[in-house]
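Please keep the sequence and the model in view while reading.

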Amino acid sequence: MRLNTYHLGDGELRAYQDHSLVGKDLERVRDHLSVCQHCNTRADELLARAQHVQDTLSILDRGVEIQPEKNLPAALIRLAAQIESEKEKQSMKPSIFSRIPRFAWTALIVIAVMAFAFSFEPVRALASDFLALFRVEQIRVVEFDSDQVSKNFEQSSKLEFFLSDQVQVEEKGTVREVDSAEEASALAGFPLRQLSNFEGQPFFTVQPGASMSFTIDLELINGILRDLERDDIQLPDNLQGANIQIEIPAGVVSSYGDCNFAENQFDPDQPEASMKAMENCVTFFQSPSPVVSAPPELDLTQIGEAYLQLLGMNAQEAATFAKSVDWTTTFVFPLPRNYARYEQVFIDGTQGTLVFERNYQYGHYTLLWVKDGMIYALTGSGNKDKALEIAASIQ
Amino acid sequence: MNSAAEKSWLTMTPPQRSALPVLTSPSGVDFESFFKLQWEPLCRTLYRLLGDWDEAEDLALESFLRLYNRPPKDPSNLTAWLYRVATNLGLNALRARKRRLRYEDRAGKNDLEDHAPSDPAQDFEQKMDQHRVRVALQSMKPRSALILLLRYSGLTYAEIAVTMQIAPGSVGTLLARAEKEFEKAFTAYEEVEG
């Protein structure tokens, strides 16, 4: 143990004081405290502060006159009355996005935020001399076994909190539904492509863009890696404090066919029936590539390798994969193999990825591709031929 | 060398909640028992966050209603699920108060002016102290204030992690920072108020 340079973090000391460490972590901290005066002094300071905070917060409970336990019978009656009168809704919000597989949106939105943030090399420096930019030109799929990935990782719900506790998000407007492609195009700020072999009038949902920014918190990340028993994964020190900014442009979802979301609300307890009701609906999503900005001196490829290891690759596999990818232009898309299967197809003059969900008998697909800086996603029910036939009609 | 480190936060434990009994009824969640067990601590936690008892009870009720209508698939995390819903509602309520800091300040002072304390100086001083604590909490980042209140309400690190949707390994770090932030906010307020 390098006592002259290595010290425990405040988080580890607080967790130790609160008896929240177990196993190897507990042993490691205890062993370190047995020999490190610096950390013992720090532990004393943290303990004193925690005591002071607790004493101060206890002021809120003094002289409380209202006693909720006396209101308990009345509260029960109120609750029973509300349960009786309120109609139970077993549905998600009527939203076109319920038709798109959840993992795809996780990738498109969350991974578009995170994978980009750690999977690019500096392309050029702006006049402000501290930013590097990245845009998507192609998609590369990485399969992983979701049963093997730590439950903690899956339950660390918002992936952005893996890198930072303070993610600032600014949404630039509200979702709007319009009847004409011209209006959707004007709202989104780009020319709209459409499917040409559908009868009837499609409708268009314009999703507003968003700006995200966060500062990378290395202590937080290392805590999570210890949680996942992956403290073998090393991250560069200069990550600490790096500011990442992501601009997510507006997107448009065009709905064709029988897409009556208000009547055919998705029932998570009966997904097959829900999907059957929507088998004549096709949705077509399009949006310009997100733009990621970060300090150019960061070796973010190393972060990408760490992420791939978290998905189950060993260090060598992750390094090999990282070298095989043009990180300046590639959107790395994680696909849980026990949930879906995929194949590469040729579509719209370029290579695309066709994904089929394993659990639905109606052959629900998502076709993803990138062309001229635009990301496209086509979803519907049917087999590969049907998916490609529909995609071929795009104008 | 371990004497200081061996001191435990739990020796000066926040108000302890009763452990949630395992809900193994063949019919599913024993909702009424769970409600009776959690009603008071949940109301108190929301009251510490909001400073208003009526609002705390309303949001507590709304939280139980949501639990009843859409229970989580995993019943072992009911408490954390409930607190997650309740604290989200509480934070949303705080954001909805357009001028919340001024409201708290004004309400505290108006309350003191309009409701003369029945007791003498001690009662008055207590209300002022509570006002200072609440202003300090309101001036913090909401998630920082939240983690403090959840820990003070007796939630474990695992429950806090589920409630706040963070990794369990992050709780210690965020809690330490929140304690530092609160101390700074409270001290700053004391200095301003003299």
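Predicted model: local features only at pLDDT ≥ 70, side-chain atom pairs only at ≥ 80, totals over all residues.

Among contacts in chain A between residues at least 6 apart in sequence, what percentage join residues at least 24 apart? The share is 72%.

**Chain A as a whole**

- Chain A contains 12 helices together with 15 strands.
- Its length is 395 residues, and 51% of these count as buried.
- The accessible surface of chain A amounts to about 19,000 Å², with 48% of that area belonging to carbon and sulfur atoms.

**Chain B as a whole**

- Chain B is built with nine helices and zero strands, so that its elements, read from the N terminus, follow the order α-α-α-α-α-α-α-α-α.
- Of the 194 residues in chain B, 52% are buried.
- Contacts in chain B with a separation of 6 or more are made, in 62% of cases, by residues 24 or more positions apart.
- About 9,300 Å² of accessible surface belongs to chain B, and carbon and sulfur atoms account for 51% of this surface.

**Helices H1 and H2 of chain A**

- Helix H1 of chain A covers residues 10-17 and helix H2 of chain A covers residues 23-33; their axes come within 11 Å and cross at roughly 105°.
- An angle of 65 to 115 degrees counts as roughly perpendicular, and H1(A) and H2(A) are therefore roughly perpendicular to each other.
- On the side of H1(A), the contact is made by Glu12(A), Leu13(A) and Tyr16(A).
- H2(A) contributes Leu26(A), Arg28(A), Val29(A), Arg30(A) and Leu33(A) to this contact.

**Helix H11 of chain A**

- Helix H11 of chain A spans residues 315-324, and its buried residues are Ala318(A), Ala319(A), Phe321(A) and Ala322(A).
- Viewed down the axis of H11(A), these buried residues fall within an arc of 165°, so they line one face of the helix.
- The other side of H11(A) carries the exposed residues Gln316(A), Thr320(A) and Lys323(A).

**Helix H8 of chain B**

- Helix H8 of chain B, residues 157-164, is mostly covered, since seven of its eight residues are buried.
- The buried residues of H8(B) are Tyr157(B), Glu159(B), Ile160(B), Ala161(B), Val162(B), Thr163(B) and Met164(B).

**Phe186 of chain B**

- Phe186(B) lies in helix H9 of chain B, which covers residues 168-193.
- With a relative accessibility of 8%, Phe186(B) counts as buried, because buried means under 20%.
- Neighbours within four places in sequence aside, Phe186(B) is in contact with Arg132(B), Val133(B) and Ala136(B), and also with Thr56(A).
- Phe186(B) and Val135(B) are separated by 51 residues in sequence, while their C-alpha atoms are 8.1 Å apart in space.

**Cysteines**

- Over all chains, the count of disulfides is zero.
- For Cys36(A), the closest cysteine sulfur is that of Cys39(A), and the distance of 3.6 Å is too far for a bond, because a disulfide requires sulfur atoms within 2.5 Å.
- Cys36(A) has a relative accessibility of 4% and therefore counts as buried.
- Cys43(B) is likewise buried, with a relative accessible area of 0%.

Terms used. Residues numbered from 1 in each chain as written. Chains lettered and ligands numbered in written order. Heavy atoms only, no water. Helix = DSSP H or I, 4+ residues; strand = E, 2+ residues; numbered from the N terminus. Buried < 20%, exposed > 50% of the residue type's maximum accessible area, 1.4 Å probe, protein only. Contact = heavy atoms within 4.5 Å. Areas by Shrake-Rupley, 256 points an atom, 1.4 Å probe, with all protein chains shown as cover. Arc of directions from axis to C-beta. Axes fitted to C-alpha atoms, helices over the stretch in contact; angles between N-to-C directions. Parallel < 35°, antiparallel > 145°, perpendicular 65-115°, else oblique.
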